[in-house]
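Hi,

Here is the structure I promised to pass on.

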Amino acid sequence: MLVHDNQFTGPLPSFLSTFTKVELLFTNSNQMEGPLPDFTNLTKLRELYMDIVDSSPQPFPPSWLALPKIESFNFYGPLTGPFPNLTLWQTLIQFSIGRTQITGPLHESLGFLPNLQNIQMYANPIDGTIPDSYANLFPTLRSFLLSGMPLRGTIPSWLSKFNQLHSLDISYTYVSGEIPASLGMASNLKHVWLIHNSLNGTLPCSLGNLHLETLDVSENTLYGKLPRYLEDMPFTACSFNNNSFCLSDVSTFSLCSSGCDCTFNEGQVCPTDDACPYMTTTSLHAAATTAYSTTSLLNSATTSSAYNAATTNAVYSASIASTTSANYASTTSALNSATTSAFDSATTSALDSATTSALDHATTSTLNSATTLALNSATTSALDSATTTALGSATTTALNSA
């Protein structure tokens, strides 16, 4: 039943509850009022679009929460009470509410709806933090739009795993903290609105991974230098106004002279270097990777490579010594001592050098390259020198004695 976009006025007709075969019910864009009808008999309803003009607030009708086939729920008007438990809406794909009087925190049940793709909530007095249960919406979530609500906490880091996420709006809230670097790993993200919050810190380098068409971070307390990677974005809209970004060389920063809104803290001059190296082809995923993962990989690669090199040299050297000297025990003892010392020294030096070099250049080079270069140089040089000296000395002594 489609009666939207007309000039109907008055209360919603009660006979709507008798339409047992209706699948689509669109009454939006009219001037209709409550009371809200009972939907107990609407067992085939799949899509509901309804907005109500100012009238007496009503709680969420219990019969609405039992709709067995609802896929798209869109309601704008004076619903009241706590956020409902939507556990029974297992077929839901889109959930959109606005201008309600629903209070209290977001309900965790929304995070356990396996088909949910689009969440839009605006201008509701819903508070609290974004529940971690919403991380369960991976991989289906495509749009996550929460604006004009007194939400608190931080932007969830788990948004990084939503590789189908297209639009993110967390605006006009009390959300604070930094923009998480992990957001740059949500590879399909195109539109980001983070307007009028309490966000601080700098724009993360990892956002350079994305191909954003919209980025609005205005009216926060962000600071630092606008990264050069922003110039490569295919923006159709962007704003950095009303933050504390330092005064940049706008004459060479075409972004601010070709459509983006930029204001700067004129009392703060930007450093000459760019906080994020200017790259158009090199991936910046390493900047968003955790230090634990990087260190773990480095330690594993360094230890394995150093151990293999030291063991090979020691076995080879011991074999030579055993065939050229009758005093095998003396030669072996000297060789073991020298090899152990060289291995300890080379491993420690290689690990320190490789770890420092790889972490310093994680955004511009690959881990394998940094580790291999450091080990080839440090391990080969140290082991060759120490082992050759010890072997030569021990072998010569042994031969002279023999």
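First, a term: buried means under 20% relative accessible area, exposed means over 50%, and partly exposed is in between (1.4 Å probe, protein chains only). By that rule Glu-23 is partly exposed, because its relative accessibility is 34%.

Some housekeeping. This is a predicted model, so local features need pLDDT of at least 70, side-chain atom pairs count only at pLDDT 80 or more, and totals for chains, interfaces and linings use all residues. Residues are numbered from 1 along each chain as its sequence is written, and side-chain values use heavy atoms, with hydrogens and water left out.

Now the charges. The whole structure has four salt bridges (a side-chain nitrogen of Lys or Arg within 4 Å of a carboxyl oxygen of Asp or Glu). Glu-23 and Arg-46 form one of them, at 3.1 Å from N to O. That pair links distant parts of the chain, 23 residues apart. Arg-46 also bridges to Glu-47, with the closest N and O atoms 3.9 Å apart, and to Glu-71 at 3.6 Å, N to O. Glu-71 and Arg-46 are 25 residues apart. Together, Glu-23, Arg-46, Glu-47 and Glu-71 are linked in a network of salt bridges. Arg-46 is partly exposed at 24%, as are Glu-47 at 21% and Glu-71 at 26%.

Cheers

Methods:
Helices (H or I, at least four residues) and strands (E, at least two) are DSSP runs, numbered from the N terminus.
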